[in-house]
Amino acid sequence: MDLDAFFLVEGIDEFTIVGIENLPDADRSGPLHLLPSARSVIVFGREIPIPFYKLPPGEKTQKMLHIAETLDRTAAHLADLLIAENFRSAVVPLFLPVRVVSGRIQGIVRLKQIAVLGGLGMIGKNTILISLRYGNRLVFAGIVTEMEAGLPKSPLVADFCGNCGRCVRACPGGAIGPAGVNAFRCRNISPWIPALLVPAATWLMSHDSVQRFAAPFISWISRYATMRCNLCVTVCPYFLCRGTGEG
Ligand code: SF4
Ligand code: SF4
């Protein structure tokens, strides 16, 4: 399968493919949970245009959701094409399943971490991927597949998050710390889950059966909730410019 040609037609800005054997243990179990015979993970992303961030919250949310759904359709299309070539494949779901690690909720397939292994960028203090070409405005989707990855890609060696701390200081919820982002403190999620209910929500989200029950609710929230904040993206030096982060 010619992935370059496929992603060009789909309007995808960046992609990479990483072999299962090149994933650390922490990131191998998720893809194998989705597809036990998986040989690789394909991660791809689109740049969110800067003007989107300046729109009123409701409109901004809808635009970003539209990009996420477009990526989801590309993932389904790619999986179908690979299945037709006799490579079993599965789409990484847009919202669920998740896993709970040290009290923090993560996607079961950590696309950003896999993108880093595949050379697409590095992760900043705000846990957002910084790309040399697209700054911190890439949004990702992915599939797991039986197709082999080929030669391993090299992760970027430079650590270009300047640790300037702007994202930490700007966060109104105090959500960004040394261990990453506490999603329950993020202003986009905290209105839906009061602080008192966080331990119960964390416990519930660690159970597959509850996740299946919660999936329609999560989809509903994602569709209709308004994105209140993205300060940790917009204050970062990589928001407006690419490469060095200076500008
Ligand atoms: S989106 Fe806003 S509230 Fe959430 S982590 Fe970023 S700065 Fe904090
Ligand atoms: S705002 Fe500064 S510390 Fe935060 S991710 Fe961007 S470069 Fe890194």
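Predicted model: local features only at pLDDT ≥ 70, side-chain atom pairs only at ≥ 80, totals over all residues.
Let me start with helix H3. At 1.5 Å a residue, its 28 residues should span 40 Å, and the end C-alpha atoms are 41 Å apart, so the two values agree.

Which residues of H3 are buried? They are Thr61, Leu71, Thr74, Ala75, Leu78, Ala79 and Leu82. An α-helix has 3.6 residues a turn, so residues three or four places apart point the same way. The cover over the buried residues of H3 includes helix H1, residues 3–10, along with S2, S3 and S8. After H3 comes Asn86, with a positive phi near 70°.

Now the sheet itself. It is open, with 4 strands in the order S1-S2-S8-S3, and the pairing is antiparallel. Strand S1, 14–19, and strand S3, 89–91, are the edge strands, each pairing on one side only. From one strand to the next, the twist averages 20°. Strand S2, residues 40–47, and strand S8, residues 138–145, are joined by 8 bridges in the antiparallel sense. Within that pair, Ile42 stands opposite Ile143 in S8.

Back to helix H1, and one residue in it, Phe6. Leu78 is one of the buried residues of H3. As for His77, its C-alpha atom is 9.8 Å from that of Phe6, although the two are 71 residues apart along the chain.

Last, the ligands. There are 14 residues around ligand 1, and the nearest are Cys171, Cys186, Arg187, Cys229 and Cys232. By type, that shell has 10 nonpolar residues, 3 polar and 1 charged.

What comes nearest to ligand 2? Of the 15 residues around ligand 2, the nearest are Gly124, Cys161, Cys164, Cys167 and Cys236. The shell around ligand 2 divides into 7 nonpolar, 6 polar and 2 charged residues.

Conventions
Residues numbered from 1 in each chain as written. Chains lettered and ligands numbered in written order. Near = placed C-beta within 6 Å. Nonpolar A, V, L, I, M, F, W, Y, C, P; charged D, E, K, R; others polar. Pairing = 2+ DSSP bridges. Helix = DSSP H or I, 4+ residues; strand = E, 2+ residues; numbered from the N terminus. Axes fitted to C-alpha atoms, helices over the stretch in contact; angles between N-to-C directions. Expected span 1.5 Å × (residues − 1). Buried ≥ 20, exposed ≤ 12 C-beta atoms within 10 Å, placed from the backbone. Contact = placed C-beta atoms within 7 Å.
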